[in-house]
Amino acid sequence: MGSIIELSKADQTKFEKVSKFNPREVKTKDGTKVELKMEDLSVSLVVTKKGEKPKTLWTSGGENCHSLVLSPDGNYVAYLCELNGLLIMKLK
(Lines give C-alpha, C1' and ligand atoms only; values in the text may rest on other atoms or scores of the structure.)
Protein backbone atom coordinates (compact mmCIF):
# COMPACT_ATOMS: atom_id res chain seq x y z
CA MET A 1 0.00 0.00 0.00
CA GLY A 2 1.44 3.39 -1.00
CA SER A 3 1.50 6.46 1.13
CA ILE A 4 -0.55 9.59 0.51
CA ILE A 5 1.22 12.94 0.32
CA GLU A 6 -0.60 16.27 0.24
CA LEU A 7 0.04 18.32 -2.91
CA SER A 8 2.14 21.40 -2.21
CA LYS A 9 0.78 24.82 -3.18
CA ALA A 10 3.60 25.23 -5.72
CA ASP A 11 2.79 21.87 -7.35
CA GLN A 12 -0.92 22.70 -7.37
CA THR A 13 -0.19 26.00 -9.16
CA LYS A 14 1.92 24.17 -11.77
CA PHE A 15 -0.84 21.60 -12.30
CA GLU A 16 -3.53 24.26 -12.71
CA LYS A 17 -1.45 26.12 -15.34
CA VAL A 18 -1.30 23.11 -17.66
CA SER A 19 -4.73 21.65 -16.89
CA LYS A 20 -7.43 22.49 -19.45
CA PHE A 21 -10.22 21.14 -17.23
CA ASN A 22 -12.45 23.78 -15.69
CA PRO A 23 -15.78 22.41 -14.45
CA ARG A 24 -17.33 25.88 -14.35
CA GLU A 25 -16.27 27.56 -17.63
CA VAL A 26 -16.07 26.69 -21.34
CA LYS A 27 -15.50 28.72 -24.51
CA THR A 28 -17.04 28.09 -27.91
CA LYS A 29 -15.10 28.35 -31.17
CA ASP A 30 -16.62 31.79 -31.82
CA GLY A 31 -15.33 33.09 -28.46
CA THR A 32 -18.56 32.87 -26.46
CA LYS A 33 -17.81 32.21 -22.78
CA VAL A 34 -20.25 30.02 -20.85
CA GLU A 35 -19.81 29.77 -17.10
CA LEU A 36 -21.45 28.51 -13.95
CA LYS A 37 -21.07 31.41 -11.52
CA MET A 38 -21.52 30.83 -7.82
CA GLU A 39 -23.68 33.45 -6.09
CA ASP A 40 -24.26 32.84 -2.38
CA LEU A 41 -25.86 29.36 -2.26
CA SER A 42 -26.99 29.36 -5.90
CA VAL A 43 -25.27 28.90 -9.25
CA SER A 44 -26.11 30.84 -12.43
CA LEU A 45 -25.49 29.82 -16.02
CA VAL A 46 -24.02 32.96 -17.61
CA VAL A 47 -23.31 33.35 -21.34
CA THR A 48 -21.07 36.14 -22.62
CA LYS A 49 -20.90 36.50 -26.39
CA LYS A 50 -17.84 38.22 -27.80
CA GLY A 51 -18.31 42.00 -27.57
CA GLU A 52 -21.56 41.74 -25.59
CA LYS A 53 -22.59 41.97 -21.94
CA PRO A 54 -23.05 38.77 -19.90
CA LYS A 55 -26.54 37.25 -19.98
CA THR A 56 -27.86 34.98 -17.20
CA LEU A 57 -29.88 32.14 -18.73
CA TRP A 58 -30.70 30.20 -15.57
CA THR A 59 -30.14 30.30 -11.79
CA SER A 60 -30.39 27.33 -9.43
CA GLY A 61 -32.50 27.47 -6.34
CA GLY A 62 -29.79 26.94 -3.76
CA GLU A 63 -27.96 23.94 -5.21
CA ASN A 64 -24.44 23.43 -6.45
CA CYS A 65 -23.91 22.82 -10.17
CA HIS A 66 -20.65 21.80 -11.83
CA SER A 67 -18.96 19.74 -14.57
CA LEU A 68 -19.88 22.07 -17.42
CA VAL A 69 -19.18 20.61 -20.89
CA LEU A 70 -19.76 21.91 -24.40
CA SER A 71 -21.41 19.75 -27.09
CA PRO A 72 -19.21 18.90 -30.09
CA ASP A 73 -21.22 21.27 -32.33
CA GLY A 74 -21.03 24.10 -29.76
CA ASN A 75 -24.80 24.55 -29.66
CA TYR A 76 -25.44 23.06 -26.19
CA VAL A 77 -23.88 22.86 -22.76
CA ALA A 78 -24.53 20.17 -20.19
CA TYR A 79 -23.83 20.28 -16.46
CA LEU A 80 -24.68 18.45 -13.27
CA CYS A 81 -26.72 19.86 -10.41
CA GLU A 82 -26.77 18.11 -7.06
CA LEU A 83 -30.58 18.08 -6.75
CA ASN A 84 -31.80 18.20 -10.37
CA GLY A 85 -29.23 15.93 -12.03
CA LEU A 86 -28.10 16.48 -15.61
CA LEU A 87 -29.25 19.70 -17.27
CA ILE A 88 -28.76 20.52 -20.96
CA MET A 89 -29.15 24.09 -22.22
CA LYS A 90 -29.32 25.26 -25.83
CA LEU A 91 -26.97 28.16 -26.57
CA LYS A 92 -27.94 29.02 -30.15
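**Core, disulfide and surface of the predicted model**

Leaving aside neighbours within four places in sequence, Val77 is in contact with Val26, Val34, Leu45, Leu68, Val69, Leu70, Leu87, Ile88, Met89 and Leu91. These contacts come from a predicted model. Val77 also belongs to the largest nonpolar core. This core has 12 residues in all. Val26, Val34, Leu36, Val43, Leu45 and Val47 are among them. Strands S2, S3, S5 and S6 each supply at least two residues of the core. In soluble globular proteins, nonpolar side chains tend to be buried together.

The link of Cys65 and Cys81 is right-handed, with 105° about the S-S bond. The pair links distant parts of the chain, 16 residues apart. Cys65 lies in strand S5, residues 65-70, and Cys81 lies in strand S6. Both partners fall under the 20% cut-off for buried residues. Cys65 counts as buried because its relative accessible area is 0%. Cys81 is buried too, with a relative accessible area of 5%.

Strand S5 also holds Ser67. Phi of Ser67 is near 60°, a positive value in a residue other than glycine. Ser67 is partly exposed, since its relative accessible area is 27%. A positive phi is found at Asp40 as well, near 55°, and Asp40 is likewise a residue other than glycine. Asp40 sits in the loop between strand S2 (33-39) and strand S3 (42-48). With a relative accessible area of 78%, Asp40 is exposed.

The count of salt bridges comes to one. The side chains of Lys33 and Glu35 form this bridge, at 3.7 Å from N to O. Are the two partners buried or exposed, or partly exposed? Lys33 is partly exposed, because its relative accessible area is 25%. Glu35 has a relative accessible area of 10%, so Glu35 is buried.

The surface carries a nonpolar patch made of Tyr76, Leu80, Leu86 and Ile88. Together these residues have about 390 Å² of accessible area. Strand S6 (76-81) and strand S7 (85-90) each supply at least two residues of the patch. Leu80 counts as partly exposed because its relative accessibility is 37%. A residue joins a patch when its relative accessible area is over 30% and it has no salt bridge. Ile88, another member of the patch, is also one of the contacts of Val77.

Lys92 lies in the segment after S7. At 53% relative accessibility, Lys92 counts as exposed. Which residues does Lys92 touch, not counting residues up to four places away in sequence? Lys92 touches Asp30, Gly74 and Asn75. Asn75 is 17 residues away from Lys92 along the chain. The C-alpha atoms of Lys92 and Asn75 are separated by 5.5 Å.

Terms used
Residues numbered from 1 in each chain as written. Predicted model: local features only at pLDDT ≥ 70, side-chain atom pairs only at ≥ 80, totals over all residues. Heavy atoms only, no water. Patch = residues over 30% accessible without salt bridge, like charges linked within 9 Å, V, L, I, M, F, W, Y side chains within 5 Å. Areas by Shrake-Rupley, 256 points an atom, 1.4 Å probe, with all protein chains shown as cover. Salt bridge = Lys/Arg side-chain N within 4 Å of Asp/Glu carboxyl O. Helix = DSSP H or I, 4+ residues; strand = E, 2+ residues; numbered from the N terminus. Buried < 20%, exposed > 50% of the residue type's maximum accessible area, 1.4 Å probe, protein only. Disulfide = S-S within 2.5 Å. Core = buried A, V, L, I, M, F, W, Y, C linked by side-chain atoms within 4.5 Å. Contact = heavy atoms within 4.5 Å.
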